[in-house]
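Work through the exercises below with the sequence and the 3D structure side by side. Try each task before you read its solution.

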Amino acid sequence: MSPKGINKKIKIGLTPLSAIIILFTLSTCGKSEEDKKTTTQYSPELQQAIDILDKIDPQTDTLVEIIQSYKDAKKALSKKVSQQGATPEEKYVYFLSDSFLLFHQLIKFLNTLAGIIISGKFDQNSILKILEDLPQSPKIEQTKISTLQQEDYKLPYGCSGISGFAQTLCNAIDGILLQRLENGIKLLREIQTEIESSGKDFRINIKSLPVKIQLVVLNYTIDFGGEHDLGTVYFFESGLNLIDSLFRTLFSVNIDLLGGIEKIPNYVSSVSITDDIILHGGRILTFLFEKNTNAFSVASILEVKRSRSQLLSSIEKSQKFLGYVKEKNVDSETAIIYYNSEEREYHLRYKFNGELKEPSILKENDVENFVKSIQKVKSNIESGQTIISTNDLVIIAATSLVAAVKSGLLDPVIEIAISLLGGEQAKLVRNVLDSQLFTPGTVAGIISGVLGDIFYFDLGTMFKNLSEESSPGSGNTKTKYREWFPAWTTNQADFKNNFIIEWDCGAKLYDDSITQYKDGRKELFGLSCTQPADQDIKHFENVITLSSIKQEGVQGWNDYNWFLNNDGTKSTFPYILFQDPSFGGLVLIKGSKLDSSSKQFLQSCGADTSETPKSYFSEREKGNCALNTALQSVIGNLIKNLSSSPRYLVNLNHH
C-alpha cells in the first residue's frame, strides 16, 4: 500500500477519536468546580437520600412533610450505616438527616404542648397526644453504629454508672434525645478520624437542608444547603460535645430531694410565696437539704470525668473548625462557612426565607482572641498550670454572642425581645446591634470594665476535687455541689431554717426578723435592702445567739464561732456566709485589684492582697471575708453601670 493510502487511512481512523478527545476536553474545561463535584459517584442509597433532601421546599412544605422527608432520607441510609464499610459521606448525610429530624420533631412537640396549654384542656387525650409527639430515640441495638475505640470514655455513655434520681432523669432524656446525640457524636468522630488518617479532602454538596421554625410567635425558614466539609464536621462535633458535657454534669449531681416533699404543699398554701420569694424559697430548699442529707453530693465520679472529657473535646473541635475554614475555605463560592481573604472575615452562607444571605460574622483578629482564650481554658482543664481570668471568659462569651447576632439566624427572636423594651430603648438597642462598634472587642471591653480583674477561675482543680475521694475508699469526694450553697441554720423547726444571709440595713434571712424589712426590700426581687437603717454593721456574729440554734447548728461548721467585721461600706446588697468560698477550688480572688479601703479590710481579716490570685479552698473564714468584699465591689460597680445603661447605649450609638 502506498504511503498516500496509509496516510488516508490514518486520517480516517483518527477523526472519530480526535472528536471524542476534543469534546471531552472542552466539556471538562467548561465545567465549574461545582459542576465537577456533582459528578462524584455515590452509592445508590446515598444518592437517594440526597435526592430526598434536595426536593424539600421549606417555603411550601408543611412541618409534617419536612419531618417525613428527613425520616425517608435517614431510612435510605440506615442499613448502609449500620454495616462496616460505610463511607464518610454516607455517615454524614445520615447524621444530618437524623439531627434535623429531631429538631423538627421537637418543634412539633412544642407546638402540641403550646396548643394544649392555650386551650386549657389537660385531659387523658391531651396527655396521650403530648406523649405521641415526643421524639423517641431508636435503640442502639437497632442501629449498631460502629465506633473507633480510641476514647477513654466510650460513647454512647447512656445511663450506665449513674444511680438514684439522676439515673431516672437520665433515662427520661436518653429516650428523647441523649442517645441520638451521642450516636451523632460517634458518627462525626468516625468521619473525622477516617478523613484525617487518609489525608483526603471531604466535601459534599447538598442542595437543600432546611430548618422550618414554626412556633406560636415565630415562623421562618433557614436553608443550610450548599457545600459541607470537614469544617462543618468539626463545628457539629464541638456543639454536640458541649451539650453532652452539660448533660454529664447534670447527671453527676445527686438530685434526690424526695424526703419530706409531701409537707411542702401545706407550707405553700399557708404563706404567700410571691410576698418574699427569697425568704420562702430559702426555707423550702434548706428544709429539703435537712431531710435529704445526700442531696447535691456527687452521684457519679465517672460522670464528672465524662463531662470533663467532652468539654475538652468541644474546645479542641472549635479550634480545628476555625483553623480549617481559614486554611481550606478561602474565598469559597460554595462552602456554607468560608473565609474572605480580602476583608479578613469569616462568613456564613445560607437562605433565609428563600433569600440568599452571606453575613460577615467575625473578623480575623476576633477569632484569634477567641482561640487564645479557649486555649487557656483547655490548658487549665488539662494541666491546671494556668488559671482563667474573667476577661478570658468574657471574650469567649462576647465572641459567641456577637457571632450569633451577626449571623442573622436569630433575627426574628431578637426582634421580639427588643420590641418588648418599647419606645426609645428599643430603637437604641437596634442601632447598637447594627453599629460597626458592635464587635467582640467592644462588648468584651465594656463587660470587663464593669467586672474588673478580681475573679479568676480554675476548672482543672474543680474537676479534680469533684472526681477524687477525700480519703481512699471513703466514697466522699473532696468537694460536693452541696457545699457550694451558702451555709444555713440547721436546728430550727421545719420551714424555719434558712440560708445565712444578712444586709447592712439589719435584715437577716435566717430568722423571723426578715419580715420586718419588707418595705426596704422591694428592689431586685428582694436582693437589695435600703431601709430602714443606713449603716455599716458586723455580720454573722449573731448566728449562734439565736435561742434555737447551738454552735453546731450551722451547716458547714462543726464549731461555729466567727463573724465578719464592719467593712467600711454601707451596702444595699447582701452578705452571704459561704460553706466553701472557693466552690471546690473553682474561684480565686486577686485582692490587689480591689480599692484601697477594701484591701485594708482584707488585710485586717488575714486575706491575701497580692498580685497572685488566691484560692480559699481550705480557709473558709478568710475566704468569706475576701469573697464578700469582692462581690460587694463588683456588684456595686455593676448596679452603678446598669443604672446609667441608657446613656451608655446613646454614647455607643453616637460613635
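**Exercise 1. Which side chain meets Glu-303 in a salt bridge, and are the two residues buried or exposed?**

Step 1. Find the partner. The side chain of Glu-303 meets that of Arg-248, at 2.8 Å from N to O.

Step 2. Know your source. This is a predicted model, where local features need pLDDT of at least 70, side-chain atom pairs count only at pLDDT 80 or more, and totals for chains, interfaces and linings use all residues. Residues are numbered from 1 along each chain as its sequence is written, and side-chain values use heavy atoms, with hydrogens and water left out.

Step 3. Glu-303 sits in helix α12 (residues 301-328) and Arg-248 in helix α9 (residues 230-251), so the bridge links distant parts of the chain, 55 residues apart. Helices (H or I, at least four residues) and strands (E, at least two) are DSSP runs, numbered from the N terminus.

Step 4. Check burial. Buried means under 20% relative accessible area, exposed over 50%, partly exposed in between (1.4 Å probe, protein chains only). Glu-303 has a relative accessible area of 0%, so Glu-303 is buried. Arg-248 is buried too, with a relative accessible area of 0%.

Step 5. Widen the view. Glu-303 and Arg-248 belong to a network of salt bridges that also links Glu-182, Asp-244 and Arg-306. The whole structure has 27 salt bridges.

**Exercise 2. Which parts of the chain does the salt bridge of Arg-521 and Asp-276 tie together?**

Step 1. Note the distance. The two side chains meet at 2.5 Å, N to O.

Step 2. Locate both ends. Arg-521 lies in the loop between β12 (501-502) and β13 (575-576). Asp-276 lies in the loop between α10 (264-270) and α11 (277-291). The pair therefore ties together parts that are 245 residues apart in sequence.

Step 3. Check burial. Arg-521 and Asp-276 are both buried.

**Exercise 3. Are Glu-415 and Arg-430 buried or partly exposed?**

Step 1. Find the bridge. The side chains of Glu-415 and Arg-430 meet at 2.5 Å, N to O, in a salt bridge.

Step 2. Glu-415 is in helix α15 (residues 411-419) and Arg-430 in helix α16 (residues 423-434), 15 residues apart.

Step 3. Read the areas. Glu-415 has a relative accessible area of 37%, so Glu-415 is partly exposed. Arg-430, with 29%, is partly exposed as well.

**Exercise 4. Which residues have the most contacts inside the largest nonpolar core?**

Step 1. Define the core: a set of buried Ala, Val, Leu, Ile, Met, Phe, Trp, Tyr and Cys residues joined through side-chain atoms within 4.5 Å.

Step 2. The largest core has 137 residues, and Tyr-92, Val-93, Phe-455 and Phe-540 have the most contacts inside it. Helix α8 (residues 164-198) gives the most to this core, with 10 residues.

Step 3. Zoom in on Val-93. A contact means heavy atoms within 4.5 Å. Leaving aside neighbours within four places in sequence, Val-93 is in contact with residues including Leu-46, Leu-77 and Ile-206.

Step 4. Buried residues make up 46% of the 655 residues in the protein chain. The chain has 21 helices and 14 strands.

Notes
Salt bridge = Lys/Arg side-chain N within 4 Å of Asp/Glu carboxyl O.
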